[in-house]
Amino acid sequence: MRVALTGAGGILGQALSRALAAAGHRVTPLDRAHGWALGQPVDLAGQDALIHAAFAHAPGRYRGGEGDDPAGFVAANLDGTRRLFDQAAAAGVGRVLFLSSRAVHDGHPAGLRLPDDLPARPTTLYGQVKAQAEAHLAALPVRGTAIRATGVYGPGAAWKWAGLIADYRAGRPIAPRVATEVHADDLARAALLLMDRAEAPATVNCSDLVLDRHDLLTRVQQLTGCPHPPPPRADATGLRIPDCAALTALGWRPGGTALLARTLADCVDAP
């Protein structure tokens with residue numbers, strides 16, 4: 001299958017590129033390294049599928065990723081995404097996957113478990129852009145699925161905890177925090193499962209672990225012998241946990257704590 005992949009050089013795009021190639025698909029990378037940026041026209045003729053993982057944002061920020069240019073943020077990420085989806089529909093692309101975000105759920109009550117088909121209720125510009133792009137895709141005559149991904153971790157560009165671990169090992173104060181996470185490779189496997197299905201839901205959640213910094217840094221302590229205590233546990237009662245029933249029904253099995261442990265062992269430098 002020929003698959004156009006936006007954001008191919010990004011955190012998610014790299015994991016998706018590896019997974020697609022390993023599965024025998026022919027990837028057409030769409031990113032700045034290949035002369036394309038979100039918002040520009042693209043020729044999708046002959047592509048069997050489109051996976052849209054590109055997103056323009058301030059470095060290291062998604063919520064708040066508009067920085068001091070909200071108009072430019074909307075123009076690139078919402079207007080550009082709408083045009084991309086329209087181009088896919090016009091070219092007869094048979095399958096479209098959109099990397100959305102758990103941020104579409106931020107306005108729901110604290111502690112709510114989030115089903116796959118829960119209507120979006122964003123509170124940030126980031127969440128609004130994702131939710132409106134989801135709605136645009138759903139209204140087009142294509143087989144589209146928005147993947148509402150949680151926080152993503154993994155090696156390489158996806159290694160999100162380098163600064164946190166460095167602060168911990170240096171003995172600097174660490175604020176308690178708990179969040180939901182999924183490995184980039186597990187997210188890529190979810191995308192492959194969805195792409196290969198003739199019928200798939202319009203929206204799916206993609207999440208694996210409920211991870212407290214206390215547990216993460218306890219593992220780092222065990223790997224490195226760091227003498228500093230990890231931070232106390234955070235209050236998880238208000239955490240909104242995505243239910244991933246749709247992906248589970250397709251046979252998706254994320255790596256859980258075993259994959260987290262292997263990734264930490266590979267990414268954390270020993271003393």
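This is a predicted model: local features need pLDDT of at least 70, side-chain atom pairs count only at pLDDT 80 or more; totals for chains, interfaces and linings use all residues.

Q: Where is G9 placed, and which residues does G9 touch?
A: G9 lies in the loop between β1 (2-6) and α1. Leaving aside residues up to four places away in sequence, G9 touches Q14 and D31. As for A261, G9 is 252 residues from that residue in sequence and 25 Å from it in space, C-alpha to C-alpha.

Q: What makes the aromatic pair of F55 and Y126 edge-to-face?
A: A search of the whole structure finds 5 aromatic pairs, and F55 with Y126 is one of them. Their ring centres are 5.3 Å apart, and centres within 6.5 Å count as a pair.

Q: Which parts of the chain does the pair of F55 and Y126 link?
A: The pair joins distant parts of the chain, 71 residues apart. F55 is in the loop between β3 (49-52) and α2 (70-90), whereas Y126 is in helix α3 (residues 125-138). Together with F73, these two residues form one aromatic cluster.

Q: What makes the pair of Y153 and W161 stacked?
A: The planes of Y153 and W161 are 25° apart, with 5.1 Å centre to centre. Planes under 30 degrees apart count as stacked, so this pair receives that term. Y153 and W161 are both buried.

Q: Why are α1 and α5 called oblique to each other?
A: Helix α1 (residues 11-22) and helix α5 (residues 184-195) pack at an angle of about 55°, with axes 9 Å apart. Roughly parallel needs an angle under 35 degrees, and roughly perpendicular needs 65 to 115; the angle therefore falls in the oblique class. The crossing of α1 and α5 is right-handed.

Q: Which residues make the contact of α1 with α5, and how are they classed?
A: Among them are L12 and R18 of α1, and D185 and M195 of α5. By class, the contact has 11 nonpolar, no polar and 2 charged residues.

Conventions: Residues are numbered from 1 along each chain as its sequence is written. Side-chain values use heavy atoms; hydrogens and water are left out. Rings of Phe, Tyr and Trp (its six-membered ring) pair if their centres lie within 6.5 Å; planes under 30 degrees apart count as stacked, over 60 as edge-to-face and the rest as tilted. Helices (H or I, at least four residues) and strands (E, at least two) are DSSP runs, numbered from the N terminus. Buried means under 20% relative accessible area, exposed over 50%, partly exposed in between (1.4 Å probe, protein chains only). Axes are lines fitted to C-alpha atoms, for helices over the stretch in contact, and angles run from 0 to 180 degrees between N-to-C directions. Angles under 35 degrees count as roughly parallel, over 145 as roughly antiparallel, 65 to 115 as roughly perpendicular and the rest as oblique. A crossing is left-handed if the near helix is turned anticlockwise from the far one by less than a right angle, and right-handed if clockwise. Contact means heavy atoms within 4.5 Å. Ala, Val, Leu, Ile, Met, Phe, Trp, Tyr, Cys and Pro count as nonpolar, Asp, Glu, Lys and Arg as charged, and the others, Gly among them, as polar.
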